[in-house]
Every structure is written in structure tokens, then in C-alpha cells.
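Morning, everyone. Let me put the structure up, and then we'll go through a few parts of it.

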Amino acid sequence: MLVTTKKMLNDAREGGYAVGAFNAENAEMVWAIVKAAEELKAPVIIQTTSSTLKYFSPAYFAALAKAAAESVSVPVAIHLDHGASFELAKQCIDSGYTSVMIDGSALPYEENIRVTQKVRDYADNFGIPVESELGKVGGKEDDTESDGNEYTDPDQAADFANRTGISSLAVAIGTAHGIYAKKPVLDFNRATLIKKVVPIPLVLHGASGLSDDALREGVEKGMSKINFATELRIAFTDAIKAHMAEHPNDFDPKKYLNPARIAVKELVKAKIQVCGSVGKA
Ligand code: 13P
Ligand code: ZN
Ligand code: NA
């Protein structure tokens, strides 16, 4: 069932669990995400980065994800992850995305507010919720590269949420995109402080490479949406490599993509369990 992220994330905040948001690159990963959610009766978010939308257009991807969402009874949202511009956010909304992120975190504060307000004003016409980021999540996500961590300041976060009118806020508390080269310094107490002064759901980026214990602590300390990308890409590709190593003469894509989509489905199920959203659909 296709829905926006509004109610599902507000319910998560209220209920003290997180909704898993999973980056998809193709039809098999979309299938894996909705099947995992359906098996666990969990709400779920399918999301794509700006670079995935250069590979498949927003209209193409939205049609694919919408068909998947409507094939299951659990709530599924289609979200733009790290929207690089107002134009892309608008294009996604016009194409049927039910949630968008505008990532102005690299901009000076007032400019981040301005671009976020512009997206929010447009999205409001269609009832589409907007996520925005304050502070800097480290690492590299497709085309989005940050020059290091800059932890979100709680007072500034309150001002930002208030002035932009966004529906959810991505915070930087020491996580980074990709797999961690060295152990991250996580500041979950900051999440709790931010949650106290920011009345909307908080989003944790960069979850690949975090232990289940760290993820559980993140949920406990107030994160309502948790983003997973790199680990899904690795699970998908590793399964193909393993299949082809054993069956080097296979040429039917279904032969090697089926184990890949099942590997992603199992991984998504494990992450949904850690997020605590099993049975929350
Ligand atoms: P990872 O690649 O570390 O899972 O980060 C995902 C993310 O934050 C997507 O926005
Ligand atoms: Zn991210
Ligand atoms: Na990560």
C-alpha cells in the first residue's frame, strides 16, 4: 500500500521504534524491500539517491516502486534520499514520490533554510512530507560527499525545524555513509537532547556498518527513521559473485539475480527487526 512517510514516522516516534529506509538500485532490490516488509508486517521506506535517478529517471523508478508498493498490504513510502536540488525534489514529487529529502547540509545555515523552505512550500501543495539535514554526516554516498562530521547542535536544530516546517530531520551524531574505516564516535545522547527540543521524527543516516547494539541504542535514544544503503549493495553484489563463481556458464539473469534479491530480502528483514518495527504495519 502506497503511503507518505508522514504518519508512519510520527507513529514510530510515538511508539519508540524506527522505520527502516532502504536504498534500492533496481527492480530486484525494490522487490526485496517490499517482500521483507510484508513478511514482517512492518511499514517500510524505499528510497533512491540523486545518482540512482540519473540511472533510472524519477518517473521510471516511481512507476516501478509504486507497483511494488501496491502489491503488498503493508504501508510503503517512496522517498528521494539526499535530494541535491529543488528541481530534483520537484521532479520526484511530480513523478509520484510520496516523500522527499532536500540535502542542503553543505550550505551555509541560512541558505539551507531557504532551499528547504522552497521545497517544503512546493511539497505542501501535494501533502508530501519533507526531510532535511542539519550538521554533516561523514563519508561518501554516491555523489554526496561530506568533508567530515559536524555534529548537529540541538538549539540550532530546534530553530531549523521551526523555521522550515519540515516533517523529519536528519541529524549528524557521528555516523558516516559507507562502511566504517575506523570505529565511529557516536553521540546518541545528543539524539536524545535533540529529540527533547525538536517535535518531529529524527533520521539516522549512514547505518551500514553499525552493530545491532549501536542501532538499538539509536532507536532507544530517539531515532525514528534509519537509512541503510551500502550493506544492501554489498549483499546484492556478493550473492551474484558467489553464484557466478559456482555457475560460471549461467547467462539467464534470473539465475543470478534471484539469489541476490533473496540475500537483500534477508538483510532487510534483519534490519527491520533491529529497528523494532516488526508488526507495526
Ligand atoms: P549507509 O550507506 O552507511 O548505509 O548510509 C545510508 C544512508 O544514509 C542513505 O541516505
Ligand atoms: Zn544518507
Ligand atoms: Na555507514
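Which residues are closest to ligand 1? His205, Ser208, Asn227, Ala229 and Thr230 are, out of 15 that surround ligand 1. A residue counts here if its C-beta atom, placed from the backbone, lies within 6 Å of the molecule.

Keep in mind that this is a predicted model: local features need pLDDT of at least 70, side-chain atom pairs count only at pLDDT 80 or more, and totals for chains, interfaces and linings use all residues. Residues are numbered from 1 along each chain as its sequence is written, with chains lettered from A and ligands numbered from 1 in the order in which they are written.

Back to the shell. β3 (76–83), β11 (223–228) and α10 (230–246) each give at least two residues to it. Helices (H or I, at least four residues) and strands (E, at least two) are DSSP runs, numbered from the N terminus. The shell has nine polar, three charged and three nonpolar residues. Nonpolar means Ala, Val, Leu, Ile, Met, Phe, Trp, Tyr, Cys and Pro; charged means Asp, Glu, Lys and Arg; the others, Gly among them, are polar.

Now Asp81. It sits in strand β3. Is Asp81 buried or exposed? Buried, because it has 28 C-beta neighbours inside 10 Å. The cut-offs are 20 or more other C-beta atoms for buried, 12 or fewer for exposed, and partly exposed in between, with C-beta atoms placed from the backbone.
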